[in-house]
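User: I have a model open and want to go through its side-chain contacts. Can you take my questions as they come?

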Amino acid sequence: MTRTTLTAVNGTTLVGLLVALGTGTKVRRGRHGVLIAENFRFRMPAGSCFTVGSVIITNRPAEWLLAEERIRLFTHESRHASQYAFFGPLFWPAYWLACGWSIALTKSYGVRNWFEKNAGLADGHYPLELPLRPWAQKMFGREDGRTAPPGT
């Protein structure tokens, strides 16, 4: 698996494993080379799971995330592992910059965040669209708060 190898070589999976080790979570194998650190006991960033390298950290048991009815959530988190493979440790500042941009535009860290959009907003349980803040509407968009497609 190229993604698994890249996240191992770039050190992001090691960081994910250190988070798991440091918080006492049990690490199990998932699908497609992804590891799952289950029963994370600390406050999550907003949702039920987050990804560091090729490690998905969840506050639930691994079986919960691997259940067929959550295949889209697992896929969303796996896409983040692919982003870590490409960006390596640069993922963190790039992701937080994208969060800041999204919050500045919409009050949500995910809706206008390239990383979340690329991972699949609906799959990650994010709204697909939120109104732009008034300043952003004036600068970028239309009255309904959505930006117009390029060339319109």
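User: Which residues are linked with Arg28 in a network of salt bridges?

Analyst: Glu38 and Glu63 are linked with Arg28 in that network. A salt bridge here is a side-chain nitrogen of Lys or Arg within 4 Å of a carboxyl oxygen of Asp or Glu. This is a predicted model, where local features need pLDDT of at least 70, side-chain atom pairs count only at pLDDT 80 or more, and totals for chains, interfaces and linings use all residues. Residues are numbered from 1 along each chain as its sequence is written, and side-chain values use heavy atoms, with hydrogens and water left out.

User: What's the N to O distance for Arg28 and Glu63?

Analyst: The N to O distance in that salt bridge is 2.4 Å. The pair links distant parts of the chain, 35 residues apart: Arg28 is in strand β1 (residues 26–29) and Glu63 in helix α3 (residues 62–66). Helices (H or I, at least four residues) and strands (E, at least two) are DSSP runs, numbered from the N terminus.

User: How many salt bridges in the whole structure?

Analyst: The search finds 6.

User: Which residue does Arg72 meet in a salt bridge?

Analyst: Arg72 meets Asp123, at 2.5 Å, N to O. Arg72 lies in helix α4 (residues 71–87) and Asp123 in the loop between α6 (114–119) and α7 (134–140), so this pair ties together parts that are 51 residues apart in sequence.

User: Is Asp123 buried or exposed?

Analyst: Asp123 is buried, at 14% relative accessible area. Buried means under 20%, exposed over 50%, and partly exposed in between (1.4 Å probe, protein chains only). Arg72 is partly exposed, at 48%.

User: What does Asp123 do with Arg79?

Analyst: Asp123 forms a salt bridge with Arg79, with the closest N and O atoms 2.8 Å apart. Arg79 is in helix α4, so this pair ties together parts 44 residues apart in sequence. Arg79 has a relative accessible area of 31%, so it counts as partly exposed.

User: Switching to the largest nonpolar core. Which residues touch the most other members?

Analyst: Ile57 and Tyr95, in a core of 16 residues. Such a core is a set of buried Ala, Val, Leu, Ile, Met, Phe, Trp, Tyr and Cys residues joined through side-chain atoms within 4.5 Å.

User: Where does the largest share of this core come from?

Analyst: From α5, with 4 residues. β2 (35–38), β3 (49–52), β4 (55–58) and α5 (91–106) each supply at least two.

User: What is Tyr95 in contact with, leaving aside neighbours within four places in sequence?

Analyst: Tyr109, Asn113, Phe115, Glu116 and Tyr126, where contact means heavy atoms within 4.5 Å.
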